[in-house]
Amino acid sequence: IVVFTGIDPRIWLSLMMLHMFLKRLNTHVIYLTDHRRLIFLDGLETVAPGYEGLRDALASTLDDLGADEVHVMANSAGGFVGLRAAMDLKAKSFLGMSIRTDLSNDSPIPVGDFFKRPELRQAAPHMLVDLKPLVAASPWPERIILYSGDGNPVDRPHAEHLADLPNVSLNLLPNHVQHDVVAALLIRGDLEAVLRDFVYGEDAAG
């Protein structure tokens, strides 16, 4: 499992708490955080420069681990590049929590001020695209599972942007406006089942 965190080195839950759930899935887990707050568009200073460098470093690490399946989990600001990486790493599944799916300059979907920052827009302008055509043209990831609060004015339209694609499952949390769907799933007692479905799909019950 490759985990792309959001703005902070967490996925609403601390990574230590998240790992308490993920370790039960009996997989390797790689956690990534962009301390420059450039949402991984320009790679990671401690790993490799540029998105392509980060992608290649991840692919090499996965090969070294002997991974026969790849699953990508991403939250909020990490979701855009997380979904791009899930395609490039030929992931079996992608779990996106309150992510962005279209950061193109002419996008009709609201993105929020964080994604309009000049330093972000200038970091890797070639990366700021609408992901939908790329996802539609790619056989990977095989399954895309998206979560959003049903009342969030930004998260919901980004999730719905991909909802008509055949490999996308959209899940709207009822009566939830906030951005923190991971915490909401934990409070509702659903997080463990969501994570098992993400990795094991129809075999999750076993």
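Start by selecting Leu18, Phe21 and Leu22 in helix α1, then Leu191, Glu192 and Leu195 in helix α8: these two sets meet, where contact means heavy atoms within 4.5 Å. The residues of this contact divide into five nonpolar, no polar and one charged. Here Ala, Val, Leu, Ile, Met, Phe, Trp, Tyr, Cys and Pro count as nonpolar, Asp, Glu, Lys and Arg as charged, and the others, Gly among them, as polar.

Before moving on, a word about what is on your screen. This is a predicted model, in which local features need pLDDT of at least 70 and side-chain atom pairs count only at pLDDT 80 or more, while totals for chains, interfaces and linings use all residues. Residues are numbered from 1 along each chain as its sequence is written, and side-chain values use heavy atoms, with hydrogens and water left out. Helices (H or I, at least four residues) and strands (E, at least two) are DSSP runs, numbered from the N terminus.

**Stop 1: two helices crossing**

Two packed helices are described by the angle between their axes and the distance between the axes. For α1 and α8, the angle is about 60 degrees and the axes are 10 Å apart. The axes are lines fitted to C-alpha atoms, for helices over the stretch in contact, and angles run from 0 to 180 degrees between N-to-C directions. The crossing of α1 past α8 is right-handed, which says that the near helix is turned clockwise from the far one by less than a right angle.

**Stop 2: the buried face of α8**

Now select residues 191–200, which make up α8. Which residues of α8 are buried? They are Leu191, Val194, Leu195, Phe198 and Val199. Buried means under 20% relative accessible area, exposed over 50%, and partly exposed in between (1.4 Å probe, protein chains only). Turn the view until you look down the axis of α8: its buried residues fall within an arc of 125 degrees, so they line one face of the helix. That arc is taken from the directions from the helix axis to the C-beta atoms.

To see what the buried residues of α8 pack against, colour β3 (13–14), α1 (15–22), β7 (71–75), β8 (93–97), β9 (143–149) and α7 (181–187). Then step past the end of α8 to glycine 201, whose phi is positive, near 55 degrees.

**Stop 3: salt bridges**

Side chains of opposite charge can pair when their charged atoms come close. The structure holds ten salt bridges, each a side-chain nitrogen of Lys or Arg within 4 Å of a carboxyl oxygen of Asp or Glu. Let's visit some of them.

Show the side chains of arginine 24 and glutamate 192, which meet in a salt bridge (3.0 Å, N to O). This pair links distant parts of the chain, 168 residues apart: arginine 24 is in the loop between α1 and β4 (30–32), and glutamate 192 is in α8. Arginine 24 is partly exposed at 40% relative accessible area, and glutamate 192 is partly exposed at 33%.

Stay on α8 and select aspartate 197. Its salt-bridge partner is arginine 143, with the closest N and O atoms 2.9 Å apart. Again distant parts of the chain are linked, since arginine 143 sits in strand β9, 54 residues from aspartate 197.

Next, go to helix α6 (residues 155–160), where glutamate 160 and arginine 156 lie four residues apart, about one turn of the helix. Their side chains form a salt bridge too (2.7 Å, N to O).

**Stop 4: two prolines**

While you are in α6, pick out proline 157. Leaving aside neighbours within four places in sequence, proline 157 is in contact with Ile109 and Asn152.

Then select proline 141, in the loop between α5 (132–137) and β9. The peptide bond from tryptophan 140 to proline 141 is cis, with omega near -10 degrees. Most residues other than glycine have a negative phi, and most peptide bonds are trans.

**Stop 5: positive phi in two loops**

Finish with asparagine 26, in the loop between α1 and β4. Asparagine 26 has a positive phi of about 60 degrees although it is not a glycine, and it is exposed, at 71% relative accessible area. Lysine 90, in the loop between α3 (79–88) and β8, also has a positive phi, near 55 degrees. Is lysine 90 buried or exposed? Lysine 90 is exposed, with a relative accessible area of 52%.
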